[in-house]
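This briefing is intended for a reader meeting the structure for the first time. Please consult the sequence and the model shown here while reading the points that follow.

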Protein chains: 2
Amino acid sequence: MSTKLATKQDTRTALLEVGMDMMLEKGYTNTGIQEVLSALQVPKGSFYHYFDSKENFVVEIIRHFEKEYSTQLRATLQNSARTPLERLRDYCAESKQKLECQNCRKGCLIGNLSQEMADQSEVLRHELVGVMRSRCNMFSACIEEGQKFGDITKSHSAIDLAQFFLSAWSGAVMAAKTIKSIEPLQNFETIILNDMLKA
Amino acid sequence: MSTKLATKQDTRTALLEVGMDMMLEKGYTNTGIQEVLSALQVPKGSFYHYFDSKENFVVEIIRHFEKEYSTQLRATLQNSARTPLERLRDYCAESKQKLECQNCRKGCLIGNLSQEMADQSEVLRHELVGVMRSRCNMFSACIEEGQKFGDITKSHSAIDLAQFFLSAWSGAVMAAKTIKSIEPLQNFETIILNDMLKA
């Protein structure tokens with residue numbers, strides 16, 4: 001019984017991970033459920049055993065992705081061996097390296113789905129807003145710590161700086177994907193980390 | 001003869017404008033050519049009289065949109081009645097008002113297509129890079145003028161500030177579309193125009 005459950009769980013996780021990878025590369029509309037199932041040799045009928053619809057599948061992909069990603073993010077943004085500004089620098093360096101390894105393809109699942117689906121699905125939009133708020137709060141806590149510690153500017157509130165930092169970074173990732181170069185990310189680092197955010 | 005030509009030109013322009021509006025709302029993949037044709041009661045066969053393919057149709061949409069938009073943009077960014085920093089403020093105010101009138105839907109055609117299609121079509125990506133470069137040069141010229149005039153910071157080169165300004169703005173537009181509020185655009189204005197860019 002427990003082996004059967006474990007296998008079911010494995011299939012569900014495998015569907016989420018293959019689906020996530022395809023969505024990252026091709027977007028929501030361009031990703032066919034059949035293609036995800038074929039990649040894993042899972043019969044079509046099984047899909048609805050795990051998920052109610054394509055929309056529900058993507059909600060679960062976002063949750064699965066976010067669970068893993070928020071753990072990594074927390075480790076970076078709460079790393080007490082680094083000052084708060086250095087932690088933001090680490091975040092940028094890690095994201096930049098990841099994008100470079102992918103030849104500036106794919107980008108960010110949350111950003112991609114936001115741009116494509118915010119006007120198409122209230123269910124997905126609601127889920128994406130939740131993720132954005134949660135990330136913004138994590139960055140805000142790090143920035144607030146930096147404002148108290150003294151290495152981050154107090155010229156704006158931590159939450160406003162966090163929201164600005166994240167939206168400007170997602171714009172830089174989008175530009176990097178388009179020109180297929182990490183130069184917009186380096187420009188972001190030079191202007192934001194080496195100058196604007198500094199206390 | 002000239003009337004017939006004028007009509008053909010009108011049909012082509014109408015196809016581009018209806019197509020543009022649908023692409024803005026729903027993206028490339030979600031927009032069906034048949035839907036564009038039905039909206040204008042143009043027979044299906046006619047489409048290939050005007051365009052080689054859906055990809056070519058979108059290249060022509062981008063060019064048509066950019067021709068109109070760059071004229072407006074030039075008027076704003078070269079407005080000698082305003083200082084260079086004020087012109088950037090006018091650009092933000094105009095874009096913000098437009099997005100607000102659309103209830104934070106649609107956003108920017110170039111940003112939307114970049115996010116959706118940069119990994120899917122080299123033809124579209126190439127076209128989008130051209131538009132981004134051309135816009136960046138227009139903003140850079142305005143910023144350079146502000147640096148000489150004395151109302152914009154010289155802490156970074158005009159081209160780096162222009163690239164940063166545009167990618168950060170596109171990220172703020174994406175966030176506004178997702179949360180369905182212009183608050184990220186107001187936050188951008190507070191941090192960038194009232195603070196970071198000031199000399």
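In this predicted model, K180(B) has a relative accessible area of 24% and is therefore partly exposed. The residue sits in the loop between α8 (158-179) and α9 of chain B. Its side chain meets that of D119(A) in a salt bridge, with N and O 2.4 Å apart.

**Backbone angles**

- K180(B) has a phi near 55°, which is a positive value in a residue other than glycine.
- K106(B), also not a glycine, has a positive phi near 70°.
- Most residues other than glycine have a negative phi.
- K106(B) is placed in the loop between α5 and α6 (109-117) of chain B.
- With a relative accessible area of 16%, K106(B) is buried, because the limit for that class is under 20%.

**The contact between chain A and chain B**

- How many residues does each chain bring to the contact? Chain A contributes 44 residues and chain B contributes 44 residues.
- Between them, the two chains bury about 4,000 Å², and 55% of this area lies on carbon and sulfur atoms.
- Of the area that chain A buries against chain B, 17% comes from Q115(A), D119(A) and T178(A), more than from any other three residues.
- Two salt bridges are counted between chain A and chain B, and the bridge between K180(B) and D119(A) joins these chains.
- Residue pairs in polar contact between the two chains number 24, with both residues at pLDDT 80 or more.
- Which helices of chain A each supply at least two residues to the side that touches chain B? They are α1 (2-30), α6 (109-117), α7 (122-149), α8 (158-179) and α9 (183-196).
- Helix α8(A) gives the most to that side of chain A, with 14 residues.
- By residue class, the side of chain A that touches chain B consists of 17 nonpolar, 16 polar and 11 charged residues.

**Salt bridges within chain B**

- Over all chains, the count of salt bridges comes to 28.
- E60(B) and R63(B) form a salt bridge through their side chains, at 3.7 Å from N to O.
- These two residues stand three apart in helix α4 (residues 54-77) of chain B, which means that about one helical turn separates E60(B) from R63(B).
- Is E60(B) buried or exposed? Its relative accessibility is 17%, so E60(B) counts as buried.
- E189(B) is buried, with a relative accessible area of 11%, and K96(B) counts as buried at 17% relative accessibility.
- R125(B) and E122(B) also form a salt bridge, with their closest N and O atoms 2.7 Å apart.
- Helix α7 (residues 122-149) of chain B holds both R125(B) and E122(B), three residues apart, or about one turn of the helix.
- R125(B) has a relative accessible area of 15% and is buried.

- In chain A, R12(A), E60(A), R63(A) and E127(A) are joined into one network by salt bridges that share partners.
- D90(A) is located in helix α5 (residues 84-101) of chain A.
- The relative accessible area of D90(A) is 19%, so this residue is buried, the limit being under 20%.
- Which residues does D90(A) contact, leaving aside its neighbours within four places in sequence? D90(A) is in contact with T76(A) and R82(A).

How values were computed:
Residues are numbered from 1 along each chain as its sequence is written. Chains are lettered from A and ligands numbered from 1 in the order in which they are written. Side-chain values use heavy atoms; hydrogens and water are left out. Contact means heavy atoms within 4.5 Å. Buried area is the accessible area (1.4 Å probe) that two parts lose on being put together, summed over both. A salt bridge is a side-chain nitrogen of Lys or Arg within 4 Å of a carboxyl oxygen of Asp or Glu. A polar contact is a pair of N or O atoms within 3.5 Å; within protein, one must be able to donate a hydrogen and the other to accept it, and residues adjacent in sequence count only if both atoms are side-chain atoms. Helices (H or I, at least four residues) and strands (E, at least two) are DSSP runs, numbered from the N terminus. Ala, Val, Leu, Ile, Met, Phe, Trp, Tyr, Cys and Pro count as nonpolar, Asp, Glu, Lys and Arg as charged, and the others, Gly among them, as polar. Buried means under 20% relative accessible area, exposed over 50%, partly exposed in between (1.4 Å probe, protein chains only).
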